[in-house]
Amino acid sequence: MKTRSWAEPFKIKVVEPLRMTTRAERERAISAAGFNTFLLRSEDVYIDLLTDSGTSAMSDRQWAGMMLGDEAYAGSANYYHLEDAVHRFYGYKHLIPTHQGRGAEHLLSRLLIEPGDVVPGNMYFTTTRAHQELAGARFVDVIRDEAHDPADPSPFKGNIDLAKLSTLIDRVGAERIPYLCLQCCVNMAGGQPVSLANVREVHAICRSHGIPVMLDATRAVENAYFIQQREPGQAGRSIEEILREICSYTDGCTNSAKKDCLVNIGGFLCLNDDAVAEEARNMVVLFEGLHTYGGLAGRDMEAMAIGIAESVQQDHIRARIGQVEYLGELLQRAGVPIVRPIGGHGIFVDAARFLPHIPREQFPAQALTAALYVDSGVRAMERGAISCGRDPDTDENIYPPLELIRLTIPRRVYTQAHMDVTAESVIALHEHPERVVGVRFTHEPRYLRFFQARFEPLEGQGVLRDVALADAGQEG
Ligand SMILES: *Cc1c(COP(=O)(O)O)cnc(C)c1O
């Protein structure tokens with residue numbers, strides 16, 4: 001029997017007009033942006049799939065909550081609402097709000113890391129690793145090997161390799177490992193989830209060595225959905241229950257509320273240990289703000305509290321991930337190489353396979369994001385060698401196994417028709433990949449270089465050759 005269609009569990013009350021651009025305008029814009037989609041002006045973008053971070057549409061209830069902002073410097077009522085929501089849905093003992101996820105990562109890294117330490121994790125995340133390194137630690141990836149293979153269909157490619165973890169603990173000693181960083185729906189692997197069984201086992205191993213487990217809970221809700229859908233024995237459980245169980249195997253979390261929690265700004269650090277939480281409350285005053293606002297307005301905390309409760313609703317999460325799957329299936333059916341299985345927050349296109357004529361030293365993923373923008377005004381992000389940066393010891397470029405572009409879907413923002421337009425543009429490029437030209441650096445920042453780097457195409461003609469071919473129907 002054919003399954004019936006689902007539709008978004010909301011209707012649209014306010015609209016934000018989009019500006020259509022011509023191909024000539026887009027060529028000028030991407031050139032002015034140094035062929036880096038991060039440096040485009042958003043008014044020049046038609047469909048913005050740069051990130052799902054802070055780009056969610058808030059609900060009418062969240063907007064109503066914004067009017068209930070209690071902007072007291074200390075002890076804002078909204079802080080206590082947020083604390084209630086975090087206790088109820090995540091379950092940790094202490095909450096320290098921060099302006100966004102990296103604020104929490106900064107505090108956690110400074111609190112727990114000593115120079116020379118080693119922090120294991122399931123594939124790095126850019127800001128997370130940067131803060132660990134700034135505090136003097138070395139990050140060691142202990143994700144299972146299948147995470148590095150974009151074609152491997154395993155359901156939980158975010159899982160930690162328990163053998164790699166045990167070997168690392170034996171090699172460096174538990175006393176050199178301040179904590180393990182466990183990421184949900186591993187971003188750089190294509191939004192691949194971890195299984196509940198894996199979280200439980202990681203917890204057991206770390207506990208036997210006295211190593212705390214710190215969750216990067218940024219996409220824990222989406223991860224809970226994959227557990228419900230894919231893990232034996234979990235189908236009958238609610239997202240809320242599964243989320244609580246994930247968190248129960250960990251000693252604290254950092255969270256960017258700009259993702260799952262459906263707000264435009266905000267984050268938090270949670271800790272179960274009273275003494276560490278006390279230190280974190282001391283430190284947050286220096287870097288973020290008082291411990292009852294952490295760099296946020298009262299209204300932001302209210303929107304976050306409401307967003308957390310909305311994020312675990314089954315119909316919300318099903319439609320959110322359903323939309324990502326819809327786009328992924330359109331591309332897959334057309335033969336576009338994408339990371340499989342389809343992850344939670346976006347579609348990751350395998351740029352190395354998409355553009356086999358561009359060597360890794362010419363950054364095929366960076367070139368593809370620029371070409372996609374020129375073709376249709378869709379803005380994607382590079383997730384490959386540019387994002388990975390240089391080896392801190394040798395200063396050489398790191399070429400990670402995955403050279404991807406990410407089409408990231410903001411939550412509750414775009415319609416199925418936007419997904420169709422996006423797919424058509426990617427498919428059109430895939431039909432003539434030889435039109436895309438490699439790029440080289442003209443400016444390379446030292447930290448998190450992907451945000452502000454500038455490039456130029458290796459040939460003088462722009463990043464997408466053959467203007468006549470490209471003009472099919474995307475003119476404003
Ligand atoms: C976005 C993100 C962060 C950092 O959070 P910000 O709010 O952008 O500072 C950390 N970890 C993961 C997995 C993320 O996706």
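Biologist: Where does the largest pocket lie, and why there?
Modeller: This is a predicted model, to be clear. In it, the largest pocket sits between domain 1 (23-45 + 314-469) and domain 2 (60-311), because both of them give residues to its lining.

Biologist: How much space is in there?
Modeller: About 1500 Å³.

Biologist: And which residues are closest to the centre?
Modeller: Val14, Ala57, Met58, Arg412 and Val413, out of 38 residues that line the pocket.

Biologist: Which helices supply at least two residues of that lining?
Modeller: Helix H2 (60-66) and helix H12 (314-333) each do. The largest share comes from H2, with three residues.

Biologist: OK, new topic. How many aromatic pairs turn up in the whole structure?
Modeller: The search finds ten. Take Tyr90 and Phe268: their ring centres are 5.6 Å apart and the planes are at 75°, so that pair counts as edge-to-face.

Biologist: Why does 75° make it edge-to-face?
Modeller: Because planes over 60 degrees apart count as edge-to-face, and the Tyr90 and Phe268 planes are at 75°.

Biologist: Where in the chain are those two?
Modeller: In distant parts, 178 residues apart. Tyr90 is in the loop between helix H3 (77-89) and strand S2 (94-98), while Phe268 belongs to strand S8 (residues 267-271).

Biologist: Are Tyr90 and Phe268 buried or exposed?
Modeller: Tyr90 is buried, and Phe268 is buried as well.

Biologist: What about Phe363 and Phe441, how are their rings set?
Modeller: That pair is edge-to-face too, because the planes are at 70°, with the centres 5.5 Å apart.

Biologist: Why do you call Phe363 buried?
Modeller: Its relative accessible area is 3%, and buried means under 20%, so Phe363 qualifies.

Biologist: Which rings form a cluster?
Modeller: Phe38, Phe450 and Phe451 do, linked by ring pairs.

Biologist: And what sits over the ring of Phe450?
Modeller: The charged end of Arg383, at 4.8 Å from the ring's centre.

Biologist: Last one: what lies over the face of Tyr124?
Modeller: Arg129 does, 4.4 Å from the ring centre.

Methods. Residues numbered from 1 in each chain as written. Predicted model: local features only at pLDDT ≥ 70, side-chain atom pairs only at ≥ 80, totals over all residues. Heavy atoms only, no water. 1 Å grid on protein atoms, 1.4 Å probe; cavity = no way out; pocket = protein on both sides within 12 Å on 5 of 7 lines; lining within 4 Å. Points joined across faces, edges and corners; volume = space filled by probe spheres on them. Helix = DSSP H or I, 4+ residues; strand = E, 2+ residues; numbered from the N terminus. Domains from an automatic or database assignment. Phe/Tyr/Trp six-rings, centres within 6.5 Å; stacked < 30°, edge-to-face > 60°. Buried < 20%, exposed > 50% of the residue type's maximum accessible area, 1.4 Å probe, protein only. Lys NZ or Arg CZ within 6 Å of the ring centre and 35° of its normal.
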